[in-house]
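Subject: The structure I promised you

Hi,

Here is the structure I said I would pass on. Have it open while you read, and my notes on it follow just below.

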Amino acid sequence: SKHDDADALVLNGWDDVAPEGSVAVMRTTSAGLFQHPHEVGKWLATALRLNIVITDVTTFANDAQQQLYSEFLQKIGEKLEHLYVSGATPQFNLLTDRMMLTAMNNCGAGDTCITLAPNGKFYICPAFYYEHPEESVGDLPGGIAIPNRQHYKLQSAPICRRCDAWQCKRCVWLNRKMTLEVNTPSHEQCVMAHLERNASRGLMTNIRKQGTFLPENPDIPEMDYLDPFDNLNK
């Protein structure tokens, strides 16, 4: 991969190399991810930060996938524990972000950020442009006009605003695609985010057994659910 002067390196395949000190991004299906924990561990040993983007969140619904994801996160958590104890501090979006956050940190599409597409029109995010180019929310001459803009704010998301899976992307495009509401997350997104959250809790606990770690951040509390909607139903 060519990475001269780039802020982030996009990895092209599982045989690619993440250079020392790089910020690397890998797009993959969940099945591809589950099959390559060794490669992810290898990248974490050299990269400053690794972001994994799972491209088939809409299919992530059954117990078998949840088990495979938990096992994958456990394997990578063990690798990260050894790295942190040895003095290295690589960041991995699926595990270390939650340990370091103290509040929601989502994409902010439609609220704190907006997309200007090549056609000169504004969109909530690039996914809205690529999937529905007719659904613009303004243009350069007329400015931005987002219908019901308050719905894109965290305060208007009754499930998300009570949730502490702070690393969750809270993707409004996936929300709209899967639930028809931009402020209501899908079951798939919530389950993935909570599996990551729980694995982060285990990693944080194990690192703290070895010494002081992020003393200013509180422990991640234990939860007995993977979808906050189930907890609301209680």
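First, a word you'll need: a residue is buried if its relative accessible area is under 20%, exposed if it is over 50%, and partly exposed in between (1.4 Å probe, protein chains only). Keep in mind that this is a predicted model, where local features need pLDDT of at least 70 and side-chain atom pairs count only at pLDDT 80 or more, while totals for chains, interfaces and linings use all residues. Residues are numbered from 1 along each chain as its sequence is written, and side-chain values use heavy atoms, with hydrogens and water left out.

**The rings**

Let's begin with the aromatic side chains. Rings of Phe, Tyr and Trp (its six-membered ring) pair if their centres lie within 6.5 Å; planes under 30 degrees apart are stacked, over 60 edge-to-face, and the rest tilted. There are 6 aromatic pairs in the structure. One of them is Phe60 with Tyr69, an edge-to-face pair at 5.6 Å centre to centre and 75° between the planes. Both Phe60 and Tyr69 are buried. Another is Tyr84 with Phe213: their centres are 5.6 Å apart and their planes at 85°, so this pair is edge-to-face. Why does this pair tie together parts that are 129 residues apart in sequence? Because Tyr84 lies in helix 3, while Phe213 is in the loop between helix 7 (187-210) and helix 8 (228-233). (Helices, H or I with at least four residues, and strands, E with at least two, are DSSP runs numbered from the N terminus.) Tyr84 is buried at a relative accessible area of 11%, and Phe213 counts as buried at 12%. Also, Phe34, Phe60 and Tyr69 make up one aromatic cluster.

**Helix 2**

Now find helix 2, residues 37-44. Why is helix 2 largely enclosed by the rest of the structure? Because 6 of its 8 residues are buried: Pro37, Glu39, Val40, Gly41, Trp43 and Leu44. The cover over these buried residues includes strand 2 (23-28), helix 1 (30-34), strand 3 (49-54), helix 3 (63-85) and strand 4 (91-92). Have a look at Glu39 in helix 2, which counts as buried at 17% relative accessibility.

**The strands**

Next, the strands. Two strands pair if DSSP finds at least two bridges between them. Strand 2 and strand 3 run parallel and are joined by 6 bridges, with Val23 standing opposite Arg49 in strand 3. Strand 3 also pairs with strand 4 in the parallel sense, over 2 bridges; here Leu50 has Phe92 in strand 4 as its bridge partner.

Ser22 is in the loop between strand 1 (9-10) and strand 2. Is Ser22 buried or exposed? Ser22 is buried, with a relative accessible area of 12%. Leaving out residues up to four places away in sequence, Ser22 touches Thr46, Ala47, Leu48 and Arg49 (contact means heavy atoms within 4.5 Å).

**Pockets and a cavity**

On a 1 Å grid over the protein atoms alone, a cavity is a set of points where a 1.4 Å probe fits but cannot get out; a pocket is an open set with protein on both sides within 12 Å along at least five of seven lines, and lining residues have an atom within 4 Å of a point. Grid points are joined across faces, edges and corners, and a volume is the space filled by probe spheres set on the points.

The largest pocket has a volume of about 1100 Å³. Of the 36 residues that line it, Val53, Ile54, Lys169, Cys171 and Leu174 lie nearest its centre. Strand 3 gives the most to this lining, with 5 residues.

The second largest pocket has a volume of about 210 Å³. Its lining has 13 residues, and the closest to its centre are Phe128, Pro147, Tyr152, Arg176 and Val182.

How many cavities of 30 Å³ or more does a search of the whole structure find? The search finds 1, and about 50 Å³ of space lies in the largest cavity. The residues that line the largest cavity are Ile159, Cys160, Cys163, Cys168, Pro185, Cys190, Ala193 and Pro228.

Happy looking!
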